[in-house]
Amino acid sequence: MNTFHLLEYAAWTISILIGAWMLYDLVKTNTAYSEDMLMSSREGEIEDELIIDPSHRGAK
């Protein structure tokens, strides 16, 4: 087995790991937010909903 084969296997491994991470994130995001929230076009809607303490936005 030469260096090229090792690099090819490493690239496939990295690709599989990235794909698995993307699927995990997809499932995690779909369970955390409703479809209406994810499809909304209002910028910052998710961040506004998640803020519990208004002092985090710089309010005094």
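Visitor: What pLDDT does the chain average, and how many of the residues score at least 70?

Guide: This is a predicted model, and the chain averages a pLDDT of 81, with 67% of the residues scoring at least 70. Where pLDDT is low, the predicted coordinates should not be read in detail. In this chain, confidence is highest in α1, at a mean of 95, and lowest in helix α3 (residues 45-50), at 62.

Visitor: Which elements make up the secondary structure of the chain?

Guide: The chain comes to 3 helices and 0 strands, and from the N terminus on its elements run α-α-α.

Visitor: How is the span of α1 to be read against what is expected?

Guide: One compares the distance from the first C-alpha to the last with the value expected at 1.5 Å a residue; for α1, with its 30 residues, the reach is 43 Å, close to the expected 44 Å.

Visitor: Is α1 well covered or hardly covered?

Guide: Helix α1 is hardly covered, as the count of buried residues among its 30 residues is 0; over the 60 residues of the chain, 2% count as buried. The accessible surface of the chain comes to about 5,700 Å², and 63% of that belongs to carbon and sulfur atoms.

Visitor: Which residues form a nonpolar patch on the surface, and why can I18 be part of such a patch?

Guide: The patch is formed by I14, I18, W21, M22 and Y24, which together have about 600 Å² of accessible area. I18, which lies in helix α1 (residues 3-32), is partly exposed, with a relative accessible area of 45%, and therefore passes the cut-off of over 30% that patch residues must meet.

Definitions and conventions:
Residues are numbered from 1 along each chain as its sequence is written. This is a predicted model: local features need pLDDT of at least 70, side-chain atom pairs count only at pLDDT 80 or more; totals for chains, interfaces and linings use all residues. Side-chain values use heavy atoms; hydrogens and water are left out. Patches are made of residues with over 30% relative accessible area and no salt bridge: like charges are joined within 9 Å, nonpolar side chains (Val, Leu, Ile, Met, Phe, Trp, Tyr) within 5 Å. Accessible areas come from the Shrake-Rupley method with a 1.4 Å probe; for residues, only the protein chains shown count as cover. A salt bridge is a side-chain nitrogen of Lys or Arg within 4 Å of a carboxyl oxygen of Asp or Glu. Helices (H or I, at least four residues) and strands (E, at least two) are DSSP runs, numbered from the N terminus. Buried means under 20% relative accessible area, exposed over 50%, partly exposed in between (1.4 Å probe, protein chains only). pLDDT is the predictor's confidence in each residue, from 0 to 100. The expected span of a helix is 1.5 Å times one less than its number of residues.
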